[in-house]
Amino acid sequence: MQVKPQLLGLPSYKPGKPIEEVKKELGLSKVIKLASNENPFGASPKATEAIRELATSTAIYPDGYAAVLREKVAKKIGVEQNQLIFGNGSDEIIQFLCRALLDENTNTVTADPTFSQYKLNATIEGAEVREIACKQDGTHDLDAMLEAIDENTRIVWVCNPNNPSGTYIDQASFEQFLKKVPQDVLVVSDEAYYEYVTKDDYPQSIPLLKAYKNLIVLRTFSKAYGLAALRVGYGVGDADFISKLDPVRPPFNNTTFAHAAAAAALDDDQFIAECVQKNSEGIRLYEAFCEEQGLTYYSSQANFILIDFERSGDEVFDYLLKRGFIIRSGEALGFPTCARITVGSQEENEEILSILKEMLQTQPIGQN
């Protein structure tokens, strides 16, 4: 069968190795996955109870408008309900945007390295992808991204905090960027890790929607809210633009369970606060380890840390895998000598750092 020529040779998304597969492959009884930036503390008990209550409702289609969740999210973040669009994870909103705005006569501007789904979906639509190298500290080079915009640019992607570096763009820089982007170019602020951010100068993007109708903000319940298995994310933007985008959304694209769990999770601020605190403690533990061992790392505002081990990221991945830890090699993320590690529980963090210390003692930096 013939497919679009741009699909030929295009790589599929490769998630971290499944736990059960690693156990079977290596004969391990315990495997800890710190590869996909999931919440190691799970989800709020309120979300679990909401799913349990709906266990006998599988025969009925979900509410395609997500009315209950829509009302709760709108109230939570202070927007009108018609400013929201819901997706099967925020990944699906990325797909919506590319399908609605891009074709072979257009281009899109993105950082490099950053989240892979911007480039993938734009390529599928036949658009030119203009990748602008990140700065040395892992942040977006906003000035260079501005220079790459022309009359055929339709979308500029800003992953904030950036994945895989965890670094962020501050409020002043983001506002200056927005002022300079042409009004007919959509700026996507992908804030998947928003809840984990602790810096005071991180952009408060929702209020900016009033001034910039070409801005859309993406958020998700897959990270801090611990609902990755249910796949629910949302976009917030100008109501008129959202109404034009919505026909791209498939009917019933979120499940009833996803709606109910996400709505319930929004009520548990204490759970999120505790997760954020534990995550911050974990980040500090990794940073202290790096400083002790003389390793370079990227200052993270997410729930993962990217560490430069000055050797192949695949080598670090294999070493940890054989000892029951799944992480992400930087080889596939644009940082070939790095490894990205999701912050786990205190016990998990201490155990993996002990293994990494052993690795560095037996294979010192500069002797690989």
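Helices (H or I, at least four residues) and strands (E, at least two) are DSSP runs numbered from the N terminus. The model is predicted: local features need pLDDT of at least 70, side-chain atom pairs count only at pLDDT 80 or more, and totals for chains, interfaces and linings use all residues. Residues are numbered from 1 along each chain as its sequence is written, and side-chain values use heavy atoms, with hydrogens and water left out.

Buried residues (under 20% relative accessible area, with a 1.4 Å probe and protein chains only) account for 53% of the 368 residues.

Next, select Asn 254, in the loop between α9 (239-245) and α10 (256-265). Asn 254 is buried, with a relative accessible area of 3%. Display its polar contacts (pairs of N or O atoms within 3.5 Å; within protein, one must be able to donate a hydrogen and the other to accept it, and residues adjacent in sequence count only if both atoms are side-chain atoms). The side chain of Asn 254 reaches the backbone oxygen of Gly 87 at 2.9 Å, and a polar atom of that side chain lies 3.2 Å from the backbone oxygen of Arg 231.

Finally, move to Leu 8, in the segment before α1 (19-26). In contrast to Asn 254, which is buried, Leu 8 is exposed (over 50%), with a relative accessible area of 64%.
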